[in-house]
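Here is a short report for someone meeting this structure for the first time.

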Amino acid sequence: LCLDEIGELPLDIQPFLLRALEENVIYRVGDNKPRPVNVRVVALTNRDLLQEVEAGRFRRDLYYRVGAIKIAVPPLRERGDDAAILLEYFRHQIAKDLDEPPLEFSAAAMEVLNRYHWPGNVRELRKLVESLHLTSAVGTADATDLFNRGIAAGEPGDSGAASSPVPSPNCKDMATMEYQMIKSAIESNGGNLTLAAKQVGIARSTLYRK
């Protein structure tokens, strides 16, 4: 049994959960007949439950009951290549659900995603992939698509502060980053706009206009 966000459980409901865990029985609503249950519980939370206990918002006895083994999961921005692995999984899963070909990502888009801070963690990543899949007209997401959704790369190796989300860049910041990316692609391809456009993941006409 997975209890997601157990730290949000109201204080007056917590004794009922504790009783179920201690006695291995539950009562259906409106029923006074105990029903035996045999489950293993995994409780998830993004809060510090010990701090919640000290603040009087979480029962101490329930804390020790569900905290036999603790596993700290670092935020996505601190998990190396996990974002790329999850992106690969999500794009194929979403394509399978919709019975459509998987969404592709340009090299420039992947560079942005690999350096993004992911303040919303895995949920943000999945929502982004789903949104891009549903709105893409060409079946490929490029860096411009990400900029239009407020996704911008951080500095290389900069994981950001774990306790505070990274603010979305403003339009001026995104335009500057886009300009620098296109300029770098043109220079690295010796002025060949066709190759530069392919590297960035946009049409040659779009690159020429920008």
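## R91 and its partners

The side chains of R91 and E88 are joined by a polar contact of 3.0 Å. A polar contact is a pair of N or O atoms within 3.5 Å; within protein, one must be able to donate a hydrogen and the other to accept it, and residues adjacent in sequence count only if both atoms are side-chain atoms. The R91 side chain also reaches the backbone oxygen of L103, at 2.8 Å. R91 sits in helix α4. With a relative accessible area of 10%, R91 is buried (buried means under 20% relative accessible area, exposed over 50%, partly exposed in between, with a 1.4 Å probe and protein chains only). Leaving aside neighbours within four places in sequence, R91 is in contact with P102, L103, E104, F105 and V129; contact means heavy atoms within 4.5 Å.

This is a predicted model: local features need pLDDT of at least 70, side-chain atom pairs count only at pLDDT 80 or more, and totals for chains, interfaces and linings use all residues. Residues are numbered from 1 along each chain as its sequence is written, and side-chain values use heavy atoms, leaving out hydrogens and water.

## Overall make-up

The protein has 10 helices and 6 strands. Helices (H or I, at least four residues) and strands (E, at least two) are DSSP runs, numbered from the N terminus. Of its 210 residues, 30% count as buried. Among contacts between residues at least 6 apart in sequence, 66% join residues at least 24 apart.

In soluble globular proteins, nonpolar side chains tend to be buried together. Here the largest nonpolar core has 32 residues. Such a core is a set of buried Ala, Val, Leu, Ile, Met, Phe, Trp, Tyr and Cys residues joined through side-chain atoms within 4.5 Å. F105, L113, W118, L125 and L146 have the most contacts inside this largest core. The elements giving it two or more residues are α4 (82–98), α5 (107–114), α6 (121–135), α7 (143–147), α8 (171–188) and α9. Helix α4 supplies the largest share, 5 residues.

What does L146 touch, leaving aside its neighbours within four places in sequence? L146 is in contact with A109, V112, L113, L128, L132 and I151. A second, separate core has 10 residues, including L3, L21, L49 and Y63.

## Aromatic pairs

The whole structure holds 3 aromatic pairs. Rings of Phe, Tyr and Trp (its six-membered ring) pair if their centres lie within 6.5 Å; planes under 30 degrees apart count as stacked, over 60 as edge-to-face and the rest as tilted. One of the pairs is Y89 with F90, tilted, at 5.6 Å centre to centre and 55° between the planes. Y89 is partly exposed at 47% relative accessibility, whereas F90 is buried at 7%.

Y116 and W118 form an edge-to-face pair: 4.7 Å centre to centre, 80° between the planes. Y116 is buried at 10% relative accessibility. W118 is buried too, at 2%.

Helix α9 spans residues 193–200, and L193, A196, A197 and V200 are buried in it. Seen down the axis, the buried residues of α9 fall within an arc of 100°, so they line one face of the helix. The arc is that of the directions from the helix axis to the C-beta atoms. At the start of α9, a side-chain oxygen of N192 comes to within 3.0 Å of the backbone nitrogen of T194.

R204 belongs to helix α10 (residues 204–209). R204 is partly exposed, at 45% relative accessible area. Leaving aside neighbours within four places in sequence, R204 is in contact with L193, T194 and A197. The C-alpha atoms of R204 and T194 are 5.7 Å apart, though these residues are 10 apart along the chain.
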